[in-house]
Amino acid sequence: MSKKVLIIDDSALMRRVISDIINSTEQYEVVEIARDGLAGFNLIVTNPHLYDVILLDINMPNMNGLELLERLNKSRIKQTIIVVSTVAKQGAKETIEALELGAFDFLTKPENYLEVKSDSFKNKLINMLDVATNSTANTPRIIKRTDSRLDLNSHTVKTERTVETIRNDKPVSKCTKGRGKLVALACSTGGPKSLQSVIPKLPKNMAAPMLIVQHMPAGFTASLAKRLDDFSEVTVKEAEDGEILKNGCVYVAPGGRHLKVKKTFSGHCIEISDELPRNSLRPCADIMYESLADCDYGDITCVVMTGMGNDGTEGIKKLADSKYVEVIAQDKTSSIVYGMPKAIYDAGMTNVVVPLDDIASEIIKNVGVS
C-alpha cells in the first residue's frame, strides 16, 4: 500500500512539480493539496491519522508554515513534516525555527527551471520521504529506556536518574592521553533540534574547543549557529577559514564545505575546504575526524548523534589509531534517525551510549572546565 502525502504550498508550480514526482512512484501518492497553512491545518485536524508525511512551505498567506507548526504543537497533533525551503537568508532562519518547532527535516526548493526538471531534486525528495517515513520519528517515544539490554547487550548497564547509560569497559583507543583536549561532534537528520539539547547545557568555561559537522547545504549553518549561540553560554559560530581554536567556543562547519583542523605556529586553526564531497556529503564528518590525527590534541572526545548513514565511523577509527579518543553515541530511543550512532556502536567504537539529554554532561566529564 502506498504511503499518503499532503502538500501544503501556495505555489501552483511547486505543487505540480512535487505531485508529479511523488505520483510517479509506487510507494507514495499525494492524497491532498492545500494552498495555504490554514487550509492545510484544517485538513490535518479533520484527518489526523491519514497522512504518512506532510510537505510544508514556509511563506504562505492566511497561515504560514511556522504558524501551522505552532498550532499543531498547541493542539498536541504529531505529524511527520518536511519543510520545503528557500535558500535565502530569511528562508534559512525560518527553516531553523521550523526544525525547532518539530519539523522532521527540510528540502531546498529548486532555484531554476533546469533544477526543477533534474533528477537531482527528484532523488533528494524521494530519499527524504524514505528516511522520514521509516524513521523513529513515527515511533512513540518514552523517557525511560526499557530496551537497552536488547539493543546493546554487550555493554554494562548503569542506571542514572530515570534512564539507562550503557558503558563499554574496554577502551576503543590503545593510545595514551596526551596534552590538550578537543570535542568533535557529528550529526545529520534531526541534528539541528537535537543540538539544542546539548550545546546550551555546556558551561562557558568548558576546557576545550568544539567542532560540529551537521549535514546541511550552504546558506543554513550561519542561522543554525546564531540560534544556538542565542541559547548558550559557550560561544557558537559558523567556522571561518584560518581562525584559531579557543576553549569554550563551538565551531559549526559551513554548509556545503568541509571543516578540517591544522597546526600553525599560533596554535590550531580551522581550514575550510571545497574539495569534492565524500560519499555525497559536504561537510563530511570523516574528513573532520581524519584531519585531527595530525594535530597536537592528545585527548579527543568524539560525539555521534542522530542521522542517516554512517558518516564519522571510518574517520573515528583512523583517529583512534593515533590519538586517545572517548566516543559518545546517542541512544536509539532519543535519536530521530538511528543511523550514525548505530554505525559507530556496531563498529565497536563506543565508550558510552546515552540519551540525548545526557550528552552534554558526558562531554564535560571528559574535558572538564577551566
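Visitor: In this predicted model, is A186 buried or exposed?

Guide: The model is a predicted one, and within it A186 has a place in strand β8, which covers residues 181-187. Burial here requires under 20% relative accessible area. Because the relative accessible area of A186 is 1%, this residue counts as buried.

Visitor: Which residues does A186 touch, not counting residues up to four places away in sequence?

Guide: A186 and G312 are 126 residues apart in sequence, yet their C-alpha atoms are 6.7 Å apart in space. Once residues up to four places away in sequence are set aside, those that A186 touches are V213, A285, Y289, V303, V304, M305 and M340.

Visitor: Which residues have the most contacts inside the largest nonpolar core?

Guide: The largest nonpolar core has 55 residues, and apart from it lies another core of 36 residues, including L211, M288, C302 and M349. I363 is in contact with V183, V198, L202, M206, M210, V303 and I328, leaving aside its neighbours within four places in sequence. Inside the largest core, the residues with the most contacts are I199, M210 and I363.

Visitor: Which residues that line the largest pocket are the closest to its centre?

Guide: The largest pocket holds about 1,100 Å³ of space, and its lining comprises 14 nonpolar, 13 polar and 7 charged residues. Strand β5 (105-108) and helix α6 (119-133) each supply at least two residues of that lining. Among the 34 lining residues, the closest to the centre of the pocket are K124, H215, P217, S280 and L281.

How values were computed:
Residues numbered from 1 in each chain as written. Predicted model: local features only at pLDDT ≥ 70, side-chain atom pairs only at ≥ 80, totals over all residues. Heavy atoms only, no water. Core = buried A, V, L, I, M, F, W, Y, C linked by side-chain atoms within 4.5 Å. Buried < 20%, exposed > 50% of the residue type's maximum accessible area, 1.4 Å probe, protein only. Contact = heavy atoms within 4.5 Å. Helix = DSSP H or I, 4+ residues; strand = E, 2+ residues; numbered from the N terminus. 1 Å grid on protein atoms, 1.4 Å probe; cavity = no way out; pocket = protein on both sides within 12 Å on 5 of 7 lines; lining within 4 Å. Points joined across faces, edges and corners; volume = space filled by probe spheres on them. Nonpolar A, V, L, I, M, F, W, Y, C, P; charged D, E, K, R; others polar.
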